[in-house]
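Biologist: Could you take me through this fold step by step, going slowly enough for someone new to reading structures?

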Amino acid sequence: MSSMIATAGANSSTQTRAESLAAAEIALRVEDLHVHYETGRGTVRAVDGVTFALQAGERLGLVGESGSGKSTIALALLRLIKPPGKIAGGRVLLDDKDITKISEREMRRVRMDRIALIPQGAMNSLNPVARIRQQMADGMRAHDAGLSGGALDRRIEELLSSVGLRKDVAGKFPHELSGGMKQRVCIAMAISLRPTVIIADEPTSALDVVVQRQIMQTLADVQQDLGAAVLLIGHDMGLMAQFVDRLGVMYGGKLMEVSPTRPVFAKPLHPYTQLLIASLPSFEHLTDFVKTPGTPHSPLAPPPGCVFHPRCPQAFGDCPKIVPTLREVEPGRQVACLLYDKPTARDVHASTAAAGEETNRVP
């Protein structure tokens, strides 16, 4: 439903934020990240060479259909990939340290303290038989936050208040809370140690549109208070338009496009992004429903060349042969598509064909 909100949600506020972030430091850098799952039928490349940077205080969104690798990236950034999955390559730089190379003990210290997760599905993330106070206290004690007794209780009450909850919520069990309240508790737990990077994995899934807006406003408020960077993962393009500064579009484990929010809605570059934007309902124009042709490929057998070419309405001769790289084609805008190569492979193909026809006409 919130996707139907006018894409004017990519409004002047996000543009102003983007301008203020232009000179910000890099909070998190991901370089050529690969995540594989080994199965009896072969290797699944869930994340295949993803590179991006997240600036301090920035809100970056990752969108794409189910199976595109968004949530796998979130788990990889926190070193939570479990067998048969593994981080097969690449670097994740947090505070200029590659956290894919540190010990598990050290990584446990990094989680929550430097990089935290707001999980998808608060119902499944909270312990059903422990009160909220105990669950929030456990995380802070595990990190030796230096709080105990009354000081710890006051800190828990402060955190609950910061996400719009009454202090008596601390004494309740998860089943006594609504879906929105449980999600706010998860946000409070994630920010308890004031991390510099917050990963929000579809934090509004299964919530109604009114509660979605409240949760996103809560996330925006706590982010501003902390000065943290946020990586928002989801499907909802309307929600992304209203919240993030930049948008990354994923397909088949790869980044197809990365762009500031306003330009990507006004003029999407990659054919896949164009189809996503065209599929959004509009209050202004009554049009036929637009869908992406075909179905996603099997992750065990990705197509050669560009992974999107079997479904791409603009595919041409070289698309099944050449893997496009993510490159800047406009200031601040990156796209992985042969249509934007200079000269484009399509132009070369067309000119070669035209030259051949001209030669055939010579008597």
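Predicted model: local features only at pLDDT ≥ 70, side-chain atom pairs only at ≥ 80, totals over all residues.

Biologist: Which strands are the edge strands of the open sheet?

Modeller: The sheet is open and has eight strands with mixed pairing, in the order β6-β7-β8-β3-β9-β10-β12-β11. An edge strand pairs on one side only, and this holds for β6, residues 115-118, and for β11. The edge strands are therefore the two at the ends of that order, where strands count as paired if at least two bridges are found between them: β6 and β11.

Biologist: Which residue is the bridge partner of E328 in β12?

Modeller: Strand β11, residues 327-330, pairs with strand β12, residues 333-335, in the antiparallel sense over three bridges. The two strands form a hairpin with two residues between them, and in the turn G332 has a positive phi of about 80°. Within β12, the partner of E328 is Q334.

Biologist: At what angle to β8 does helix α8 run?

Modeller: Helix α8, residues 209-226, lies across β3, β6, β7 and β8. Helix α2, residues 70-77, also lies across these strands and β9, running at about 145° to β8. For α8 the angle to β8 is about 155°.

Biologist: Which helices do the buried residues of α5 pack against?

Modeller: In α5, residues 132-142, the buried residues include I132, M136 and M140. The buried residues of this helix pack against α6 and α7.

Technical notes: Residues numbered from 1 in each chain as written. Heavy atoms only, no water. Helix = DSSP H or I, 4+ residues; strand = E, 2+ residues; numbered from the N terminus. Buried < 20%, exposed > 50% of the residue type's maximum accessible area, 1.4 Å probe, protein only. Contact = heavy atoms within 4.5 Å. Axes fitted to C-alpha atoms, helices over the stretch in contact; angles between N-to-C directions.
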